[in-house]
Amino acid sequence: MTPAIANAFHQAKTQSLPAIEAGRSGQSSSVALPYAAPTSGLLSKIPPSWVPYAELIRLDKPAGTYYLFFPCLFSTLMAAPMLTPAASLGSVTSFSLLFLAGAVIMRGAGCTINDLWDRNLDPHVQRTRLRPIARGAITPFNGVVFTGFQLLAGLAVLVQFPIPCILYGTLSLPLVASYPLAKRITYYPQVVLGLTFSWGAIMGFPALGLDLISNSAVLTAAAFLYASNIAWTVLYDMIYAHMDIKDDAKAGIKSIALKHDADTKKVLTGLAITQVALLAAAGMASGAGPAFFIGSCGGALVSLGVMIKRVNLKSVNDCWWWFRNDCWITGGTISAGLAADYLIRKANSDDEAGTDADDQ
């Protein structure tokens, strides 16, 4: 990701969304607009009775799903070449698709739980006042029932994985439920969110059959990758929190953006350096090659640096644009480096296996 490419992306954000979306998609408006049913996009094509539930799981705003998925993809790609021989492309692809399905479902469940917790706070925040539970389109009871169905769907995906992976996945559920509570008691709820959203950075290793407990290299790589993703989550969610900073202060909602408003860019810079350093440590533990360190670590450092320099924290529109697109800019850059490293190391592994076969 070069500054030139980032600048091209940056220019695209000047295309404003329709005013009617102002209160529902990260945009701000000086006028408190009433709710209006969507007339374009995915939500306009489904039955009206489904729309509140689709809005509840943010079906039309998939950035959160991608942020939940990328750590899963990172760990799968990092784990794949640690096997002997390296995991097949088919295995990597199939597990990645399962992780994507799980991310869609569990992100939706997390949003539902969050809105249930925040049903008395959301009406006081401009950006969230028209969410389905906040505006009364879905009752809290129906929200709880819907959460149960989502968790069952998530379980159906989870049982497709090896048993150790199922056990690790189950351990994340308390974190999913605790994040909305965290912002009531600490200025650092983003850390709790990081612990939750980064859990996938662990999951790829047991999914491919690598034991976290008995293999010290695997455990070290997973731990550093998990910590790296926590730093990334705090970073992008700090930018996200700036969209609501004034309303949060009035409503008594705590966030790292409120705590460090005057020094946000310094904090963001520290988080970016920490993220990349931990990512590099994970690569060293996993035996990664130059493609990873140049592509993933170098690329992430550039993309994050461009974002931190360019983001206008006083602009809701600008914060939303960078939050929505950083998942692809930084997440895609890290994934590309990991994928290149995996393919190179797999080719070397296949060559060595072929040589051994010839010797026999």
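Analyst: Of the 360 residues of the chain, 51% count as buried, where buried stands for under 20% relative accessible area, exposed for over 50% and partly exposed for the range in between, computed with a 1.4 Å probe on protein chains only. The model is a predicted one, in which local features need pLDDT of at least 70 and side-chain atom pairs count only at pLDDT 80 or more, while totals for chains, interfaces and linings use all residues. Residues are numbered from 1 along each chain as its sequence is written, and side-chain values use heavy atoms, with hydrogens and water left out.

The chain contains 16 helices and zero strands; these are DSSP runs numbered from the N terminus, helices being H or I with at least four residues and strands E with at least two. Among contacts between residues at least 6 apart in sequence, 77% join residues at least 24 apart. A contact here requires heavy atoms within 4.5 Å.

The largest nonpolar core comprises 82 residues. Such a core is a set of buried Ala, Val, Leu, Ile, Met, Phe, Trp, Tyr and Cys residues joined through side-chain atoms within 4.5 Å. Met 78, Phe 161, Phe 205, Leu 225, Leu 235 and Ile 239 have the most contacts inside this core. Helix H11 (residues 216-241) supplies the largest share of this core, 13 residues. Beyond its neighbours within four places in sequence, Ile 239 is in contact with Leu 268, Met 307, Val 311, Leu 313 and Cys 319.

An unreviewed UniProt entry lists transmembrane regions that include residues 191-210 and 216-236; UniProt positions follow the numbering used here, feature names are shortened, and annotations may be inferred rather than shown by experiment. In the model, the span 216-236 is 100% helix and 0% strand, and its end C-alpha atoms lie 30 Å apart. For residues 191-210 the figures are 75% helix and 0% strand, with 27 Å between the end C-alpha atoms.

Helix H3 (residues 63-79) packs against H11 at an angle of about 155°, with the two axes 11 Å apart. Axes are lines fitted to C-alpha atoms, for helices over the stretch in contact, and angles run from 0 to 180 degrees between N-to-C directions. H3 and H11 are therefore roughly antiparallel, a class that covers angles over 145 degrees, whereas angles under 35 are roughly parallel, 65 to 115 roughly perpendicular and the rest oblique. On the H3 side, Tyr 67, Phe 70, Pro 71, Phe 74, Ser 75 and Met 78 take part, and they meet Ala 221, Leu 225, Asn 229, Trp 232 and Tyr 236 of H11.

H3 also packs against helix H4 (residues 89-117), where the axes come within 9 Å and cross at roughly 150°. H3 is thus roughly antiparallel to H4. The residues of H3 that make this contact are Gly 64, Thr 65, Leu 68, Phe 69, Cys 72, Leu 73, Thr 76 and Leu 77; those of H4 are Val 92, Ser 96, Phe 99, Leu 100, Ala 103, Val 104, Met 106 and Arg 107. The crossing of H3 and H4 is right-handed. In the loop between these two helices lies Pro 85, and the peptide bond from Thr 84 to Pro 85 is cis, with omega near -5°.

The loop between helix H2 (51-56) and H3 holds Arg 58. This residue is not a glycine, yet has a positive phi of about 60°. Arg 58 counts as buried, at 9% relative accessibility.

Two further buried positions lie in other helices. Asp 341, in helix H16 (residues 316-359), has a relative accessible area of 4% and is therefore buried. Leaving aside neighbours within four places in sequence, Asp 341 is in contact with Pro 81, Ala 288, Gly 289, Ala 291 and Phe 292. Pro 132, in helix H5 (residues 132-135), is buried with a relative accessible area of 2%. With the same exclusion, Pro 132 is in contact with Pro 52, Glu 55, Leu 56, Ala 137 and Ile 138.

Technical notes. Left-handed = near helix turned anticlockwise from the far one by under 90°.
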